[in-house]
Amino acid sequence: MLKDFFFKQKRFATIPSEHAKKDIPEGRVKKCDRCGTITFVKELEKNLYVCPNCDYHFALSAPERIKMIMDQGHFFEYDSDLISSDPLKFEGYTEKLKSDMEKSNLNEAVVTGEGTIGGFPVVIGVMDTRFRMGSMGSVVGEKITRAIEKAIVKRYPFIMFSASGGARMQEGIFSLMQMAKTSAAIAKLHRERILFISVFTNPTTGGVSASFASLGDINIAEPGALIGFAGPRVIEQVIRQKLPEGFQTSEFLLDHGQLDMIVHRKDLKETLSQLLNLHMVKGRI
């Protein structure tokens with residue numbers, strides 16, 4: 001009672017008015033999916049879109065990733081004009097493609113091209129989950145395969161940043177065939193003894209994780225990335241067992257031999273530069 005007498009405290013929470021909510025323009029702040037911390041987007045951008053509180057790595061768009069990894073002004077895009085068709089006449093698919101094109105300002109779920117990282121020439125592919133959740137349809141598989149073929153001709157290392165929900169269901173068997181096509185292209189890259197670095201980002205699942213993404217000479221992942229084929233709930237239903245803690249995270253896969261290293265986003269460009277430097281032979285990669 002004495003405490004209440006000397007210190008007036010609010011006993012009820014204040015609910016912001018609609019006017020107060022509008023004082024913060026949409027898109028200025030972002031909430032962390034892991035810890036719930038709300039951070040100004042400008043601050044996140046300075047921190048490479050990594051949560052300053054819990055180190056959660058937010059998803060990046062393909063243009064953001066390219067800007068972050070490639071040397072400034074040293075990137076030339078391949079096959080930007082390739083656009084998906086609707087081979088199965090899947091209801092609503094064409095409209096969804098158009099919607100994703102407008103939303104992402106991309107023609108497909110992967111951007112491929114060549115440039116330099118730390119001065120070393122490379123061919124890269126970067127997937128973008130804003131476009132059909134980064135799913136692999138015919139055009140995605142074709143663009144990745146063409147990029148690998150360019151790497152073979154130029155004898156440049158190939159680096160692939162994967163972020164995907166898997167094969168694209170709206171294209172059925174045409175989508176599943178891309179698993180074989182991209183894997184065959186990687187096999188040719190290996191025969192030519194050209195370096196392939198695969199970088200897993202959150203999430204890398206389904207047919208992408210089960211094909212080219214897992215075939216790197218060096219497999220790298222960002223911290224806390226979800227990596228796997230089927231989802232945890234599906235696996236538990238099939239095997240009727242509880243999965244281990246942290247199953248399908250990059251840390252779990254590193255401990256069990258599927259990854260070579262986990263690299264924080266702030267160290268990724270430098271790590272790639274060091275790996276490229278290690279594979280230099282008489283001034284050529």
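Buried means under 20% relative accessible area, exposed means over 50%, and partly exposed lies in between, with a 1.4 Å probe and protein chains only. By that scale Leu88 is partly exposed, because its relative accessible area is 41%. This is a predicted model, in which local features need pLDDT of at least 70, side-chain atom pairs count only at pLDDT 80 or more, and totals for chains, interfaces and linings use all residues. Residues are numbered from 1 along each chain as its sequence is written, and side-chain values use heavy atoms, without hydrogens and water.

**Largest pocket**
- The largest pocket holds about 300 Å³ of space.
- It has 14 lining residues, and Lys30, Tyr49, Phe58, Ala59 and Glu64 are the closest to its centre.
- Strand S1 (29-31) and strand S7 (196-205) each give two or more residues to this lining.
- The lining divides into eight nonpolar, three polar and three charged residues.
- A pocket here is an open set of 1 Å grid points where a 1.4 Å probe fits, with protein on both sides within 12 Å along at least five of seven lines; lining residues have an atom within 4 Å of a point.

**Surface patch**
- Leu88, Phe90, Met169, Ile173, Phe174, Leu176 and Met177 make a nonpolar surface patch of about 670 Å².
- Patch residues have over 30% relative accessible area and no salt bridge, and nonpolar side chains are joined within 5 Å.
- Leu88 lies in the loop between strand S3 (75-78) and helix H5 (93-104).

**Around Gly228**
- Gly228 sits in strand S9 (residues 227-228).
- Gly228 is buried, because its relative accessible area is 14%.
- Gly228 and Ser250 are 22 residues apart along the chain, and their C-alpha atoms are separated by 9.5 Å.

Key: Grid points are joined across faces, edges and corners, and a volume is the space filled by probe spheres set on the points. Helices (H or I, at least four residues) and strands (E, at least two) are DSSP runs, numbered from the N terminus. Ala, Val, Leu, Ile, Met, Phe, Trp, Tyr, Cys and Pro count as nonpolar, Asp, Glu, Lys and Arg as charged, and the others, Gly among them, as polar. Patches are made of residues with over 30% relative accessible area and no salt bridge: like charges are joined within 9 Å, nonpolar side chains (Val, Leu, Ile, Met, Phe, Trp, Tyr) within 5 Å. Accessible areas come from the Shrake-Rupley method with a 1.4 Å probe; for residues, only the protein chains shown count as cover. A salt bridge is a side-chain nitrogen of Lys or Arg within 4 Å of a carboxyl oxygen of Asp or Glu.
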